[in-house]
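Please open the model in your viewer and keep the sequence beside it, so that each selection can be followed in turn.

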Amino acid sequence: MFRRTGRAGGSGPAGHGGEALRLVKVSKTYGAGEGAENAVTALDDVTLSLRSGTFTAVMGPSGSGKSTLLQCAAGLDRPDSGIVMVDGEEMSGGTEAALTKFRRRRIGFVFQQYNLLPTLTVAQNTTLPLRLAGRRVNRARAQEILTQVGLGDRLGHRPEQLSGGQRQRVAIARALVTEPSVIFADEPTGALDTRSARDVLRLLQEAVRLHGRTVVMVTHDPVAASYADSVLFLADGRLTGEMTAPTADAVAERLAHLGDTTPAGV
Ligand SMILES: Nc1ncnc2c1ncn2[C@@H]1O[C@H](COP(=O)(O)OP(=O)(O)O)[C@@H](O)[C@H]1O
Ligand SMILES: [Mg+2]
């Protein structure tokens with residue numbers, strides 16, 4: 001199997017077959033315990049494996065468990081059962097502190113609503129993950145990564161001085177700055193106009209193609225999904241199918257069969 005090497009490759013240890021992410025029988029139920037008649041099984045026995053250096057879209061109807069899948073895979077939430085492995089290392093299990101440390105080293109996350117800190121500059125927002133991980137914060141690094149996302153001249157700006165698309169590009173720079181193995185993005189283009197969305201999708205694609213990252217992106221939009229190498233379809237907390245080399249038309253067609261007839265972003 002093709003394996004990327006050097007700086008551009010995943011930062012993980014050798015010997016796991018180029019696999020960046022593995023979920024084994026991951027389940028998550030909300031509202032179990034007392035009043036269990038209200039329990040919702042958000043993830044039901046999900047098993048998947050993603051190779052390093054791939055771009056995967058996750059699609060499915062509202063409430064099908066997409067966000068829960070990302071949160072569990074990213075170590076932002078814990079599954080009730082099952083295993084999550086990043087770079088061949090088990091992430092689930094261990095203490096909260098160990099999980100946080102692992103996540104800061106291996107995982108990047110991009111949210112629909114950017115989640116930038118309003119009091120920090122663009123450069124400070126970008127390098128925050130380095131600071132949190134106790135790593136060297138180097139202004140040249142901020143300059144380099146912000147230039148990559150087209151914001152090399154905005155280092156001293158505050159988030160409120162930027163457009164939505166620019167804010168999301170800062171969020172992508174922040175997700176890239178630690179050179180994580182896997183970047184998760186939950187509806188990263190959901191709040192953006194078509195053109196800004198395209199910029200964001202191209203950056204995610206570049207992170208994969210040029211820098212060897214692994215990207216997993218939830219989206220409602222067949223056009224956004226067509227930027228990925230493959231699409232995983234989720235329904236009722238279960239994986240129901242996969243499409244490789246997706247086109248927007250083929251994805252839209254498949255979604256119709258999943259029963260998702262709501263417009264993008266709803
Ligand atoms: N914190 C929570 N508490 C209770 N139920 C939740 C919580 N988060 C999600 N759910 C439920 O779990 C299911 C999956 O939600 P989610 O993962 O957000 O789906 P999606 O992102 O596909 O819309 C839904 O039925 C949702 O209502
Ligand atoms: Mg969601």
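Select Lys-66 together with ligand 1: an N or O atom in the Lys-66 side chain lies 2.8 Å from an oxygen atom of the ligand, a polar contact being a pair of N or O atoms within 3.5 Å. This is a predicted model, in which local features need pLDDT of at least 70 and side-chain atom pairs count only at pLDDT 80 or more, while totals for chains, interfaces and linings use all residues. Residues are numbered from 1 along each chain as its sequence is written, chains are lettered from A and ligands numbered from 1 in the order in which they are written, and side-chain values use heavy atoms, with hydrogens and water left out.

Next, display the whole shell (residues with a heavy atom within 4 Å), which includes Tyr-30, Val-40, Ala-42 and Pro-61. Helix α1 (66-73) gives the most to this shell, with three residues, helices being DSSP runs of H or I with at least four residues.

Finally, move to helices α3 (residues 122-132) and α5 (residues 164-176), which pack at an angle of about 35° with their axes 7 Å apart; axes are lines fitted to C-alpha atoms over the stretch in contact, and angles run from 0 to 180 degrees between N-to-C directions. Select Val-122, Asn-125, Thr-126 and Pro-129 of α3 with Val-170, Ala-173 and Arg-174 of α5 to see the contact, meaning heavy atoms within 4.5 Å.

Key
Helix = DSSP H or I, 4+ residues; strand = E, 2+ residues; numbered from the N terminus. Polar contact = N/O pair within 3.5 Å; in protein donor to acceptor, adjacent residues only side chain to side chain.
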